[in-house]
Amino acid sequence: MNSSTEQMKTVGIVGLGLIGGSLGLDLRSHNFNVLGISHRQETCEKAKQIGAVDEYIVLSENSEVDEVKTKLLQGVEIVFICTPIDKITPTLKRLIPYLLPKTIVTDVGSVKTPIVQACSQLWDYFIGGHPMAGTARQGIEAAQNDLFVGAAYVLTPTETTPLVARERVEEIARSLGSIIYTCMPEEHDRAVAWISHLPVMVSAALIDACMSETDPKVFNLARQLASSGFRDTSRVGGGNPELGLMMAQYNQENLLRSLFSYRARLDRLIDTIKRENWDNLESILELTQRSRSEFLSSSHCSIINS
């Protein structure tokens with residue numbers, strides 16, 4: 001860890017769920033002082049109990065403004081907003097009166113373009129971020145150490161993002177064991193539409209289709225026989241509904257583009273099977289077998305922001 005990271009001793013985390021809580025655990029293990037912020041008293045207390053924060057603020061409508069201002073101005077040099085996507089911009093607006101002029105603010109949202117556009121206009125020292133790590137569990141109870149080790153951490157600076165903001169967040173992400181990628185917000189959203197948002201919708205459709213079986217005996221047998229194949233392909237579709245909804249709302253254009261492309265491929269498969277064109281089906285499956293490795297074993301090279 002270099003000297004600029006060592007100088008950054010206090011970090012604020014707004015939103016103490018899986019990501020915020022895990023971030024707090026890891027940062028405290030790297031000798032950062034962590035100030036946790038949540039609108040729920042019980043969440044703050046749990047975060048303190050498990051060691052995810054050193055101290056906390058309950059940022060409710062009834063919060064004492066002086067307490068919030070005092071704690072946020074006492075050496076908090078960077079703030080991570082770890083709320084759901086739709087709460088990121090409103091959260092920043094609420095924090096602005098309590099921040100020092102050069103406090104760095106970043107987020108962890110899975111959609112970047114609308115967030116970066118809105119937040120960069122509100123705060124000069126904002127940089128978009130997306131740690132691509134998680135589990136099926138949610139909430140502060142799911143927080144764990146080393147969640148970000150080996151995971152991609154995407155930064156989406158713009159032309160006006162101060163270099164210090166990019167460097168500081170990158171240093172922290174590296175200290176967590178993450179692999180850094182840098183790209184434009186629009187590039188990020190188009191890429192994750194393919195490998196993150198589309199799979200959620202496809203997986204959800206798979207579960208929905210299975211539920212359409214009308215023969216009770218067959219339906220029960222299918223449930224009993226479901227094993228690793230079904231678990232693997234249905235996992236993301238059976239996850240947090242709020243997260244899936246936010247993906248669709250905030251990355252609608254890119255998600256629809258990928259869904260239309262997927263539907264065209266699905267229609268091609270249907271037609272191939274209907275026509276009993278087994279040679280063509282075999283060729284398609286051989287191609288997908290070879291292509292899968294391109295997504296799962298690609299080297300972790302940083303994308304340079306042009």
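**Entry 1: α8 and α11**

I began with the place where S196, H197, V200 and M201 in α8 meet G244, M247 and A248 in α11. Sorting the residues of this contact by class, I counted four nonpolar, three polar and no charged. I note here that I am working from a predicted model, and that α8 covers residues 185-210 while α11 covers residues 241-250. I then looked up the geometry, and found that the axes of α8 and α11 come within 10 Å and cross at roughly 120°. The two helices α8 and α11 are therefore oblique to each other, and the crossing in which α8 passes α11 is left-handed.

**Entry 2: α5 and α6**

Next I turned to helix α5, residues 85-95, and helix α6, residues 113-122, whose axes are 10 Å apart and pack at an angle of about 5°. Angles under 35 degrees count as roughly parallel, so α5 is roughly parallel to α6. On the α5 side I listed I85, I88, T89, L92 and K93, and on the α6 side I115, A118, C119 and L122. By class, this contact of α5 with α6 has seven nonpolar residues, one polar and one charged.

**Entry 3: the second largest pocket**

Last, I asked which residues line the second largest pocket. I found I207, A209, C210, M211, E213, F219, A222, R223, A226 and F230 in its lining, and the space in this pocket comes to about 180 Å³.

Notes
Residues numbered from 1 in each chain as written. Predicted model: local features only at pLDDT ≥ 70, side-chain atom pairs only at ≥ 80, totals over all residues. Heavy atoms only, no water. Axes fitted to C-alpha atoms, helices over the stretch in contact; angles between N-to-C directions. Helix = DSSP H or I, 4+ residues; strand = E, 2+ residues; numbered from the N terminus. Parallel < 35°, antiparallel > 145°, perpendicular 65-115°, else oblique. Left-handed = near helix turned anticlockwise from the far one by under 90°. Contact = heavy atoms within 4.5 Å. Nonpolar A, V, L, I, M, F, W, Y, C, P; charged D, E, K, R; others polar. 1 Å grid on protein atoms, 1.4 Å probe; cavity = no way out; pocket = protein on both sides within 12 Å on 5 of 7 lines; lining within 4 Å. Points joined across faces, edges and corners; volume = space filled by probe spheres on them.
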